[in-house]
Amino acid sequence: MSVTIKSAREIDLMRESGRILAIVHDELGKAIRPGISTKDIDELGEKLIKSYGCIPNFLNYNGYPASICVSVNNEVVHGIPRSDHILQEGDIVSLDAGLIYKGYHSDAARTYAVGKISPEAENLIKVTKQSFFEGIKMAKAGYHLYDISNAIDDYVTSYGYGIVRALVGHGIGTKLHEDPQIPNFRQKRRGPRLQPGMTLAVEPMINMGTGDVEWLDDEWTVVTADGKYSAHYENTILITDSEPEILTLPR
């Protein structure tokens with residue numbers, strides 16, 4: 001496993017990539033409402049990314065046919081946007097988006113409520129988001145990679161939710177997926193020591209029921225095995241000499 005350490009120049013480019021993606025997510029979040037199609041969201045996302053002179057990094061990545069992954073309710077990740085998939089009141093929708101700015105990738109995901117949702121769904125979204133922040137308390141130079149995994153696991157399992165094990169976070173930089181892989185569940189080993197200049201995409205995917213998942217026939221869309229809701233929260237972060245810097249949140 002070779003984890004890239006970014007130079008000061010590369011970090012500046014990753015910061016800008018992340019800053020633009022944060023704006024894109026902010027605009028997409030404002031567009032979420034009953035009656036909008038998942039294809040509408042994808043088209044808006046692609047337009048926003050290109051308006052900043054950036055490239056949607058998901059489009060045609062290993063054959064994925066869209067710029068924004070739009071996953072509704074029991075869809076965990078990689079939902080393919082469709083014009084006939086209309087969001088309804090009470091749905092939850094996860095948007096996973098990324099872009100390339102001057103050769104450098106950013107990646108982030110959010111789960112949104114569509115209109116008024118159940119308290120159970122609200123809590124799932126809240127715990128998933130907080131589990132990211134619990135994890136990155138351990139994202140400091142000198143700690144080990146799997147300290148992040150263990151902190152996420154400890155927090156999520158205290159709520160009785162299922163953690164998706166088939167999919168993990170990852171390093172990021174000049175490629176969308178770099179070493180290391182970052183599980184969201186407890187590990188026996190400690191993993192590599194974290195160093196300043198590492199850039200990581202930490203992304204808990206949390207299910208209301210079992211952590212088990214299945215792939216649909218489109219070979220992209222991942223769904224919960226028991227049909228219960230799933231939520232996703234992700235940011236690109238930078239390991240520094242002190243606290244981690246979150247690159248994909250608004251400044």
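**Exercise 1. Check the span of helix 3 (residues 119-136): what should its 18 residues span at 1.5 Å a residue, and how far apart are its end C-alpha atoms?**

*Solution.* Helices here are DSSP runs of H or I, at least four residues long, and strands are runs of E, at least two long, numbered from the N terminus. The expected span is 1.5 Å times one less than the number of residues. For the 18 residues of helix 3 this gives 26 Å, and the end C-alpha atoms are 26 Å apart, so the two agree.

This is a predicted model, in which local features need pLDDT of at least 70 and side-chain atom pairs count only at pLDDT 80 or more, while totals for chains, interfaces and linings use all residues. Residues are numbered from 1 along each chain as its sequence is written, and side-chain values use heavy atoms, leaving out hydrogens and water.

**Exercise 2. Find which residues of helix 3 meet helix 4 (residues 145-157).**

*Solution.* Start with contact, which means heavy atoms within 4.5 Å. From helix 3 come Val 127, Gln 130, Ser 131, Glu 134 and Gly 135; they meet Ile 148, Ala 151, Ile 152, Tyr 155 and Val 156 of helix 4. Next, sort the residues of this contact: six are nonpolar, three polar and one charged (Ala, Val, Leu, Ile, Met, Phe, Trp, Tyr, Cys and Pro count as nonpolar, Asp, Glu, Lys and Arg as charged, the others, Gly among them, as polar).

**Exercise 3. Work out the strand order of the open sheet of five strands.**

*Solution.* Two strands pair if DSSP finds at least two bridges between them. The order is 8-7-9-14-15, with antiparallel pairing. Strand 8 (178-182) and strand 15 (245-246) are the edges, each pairing on one side only. Finally, look at strand 14 (residues 235-238): two bridges join it to strand 15, and Ile 237 stands opposite Ile 246 in strand 15.

Methods
Axes are lines fitted to C-alpha atoms, for helices over the stretch in contact, and angles run from 0 to 180 degrees between N-to-C directions.
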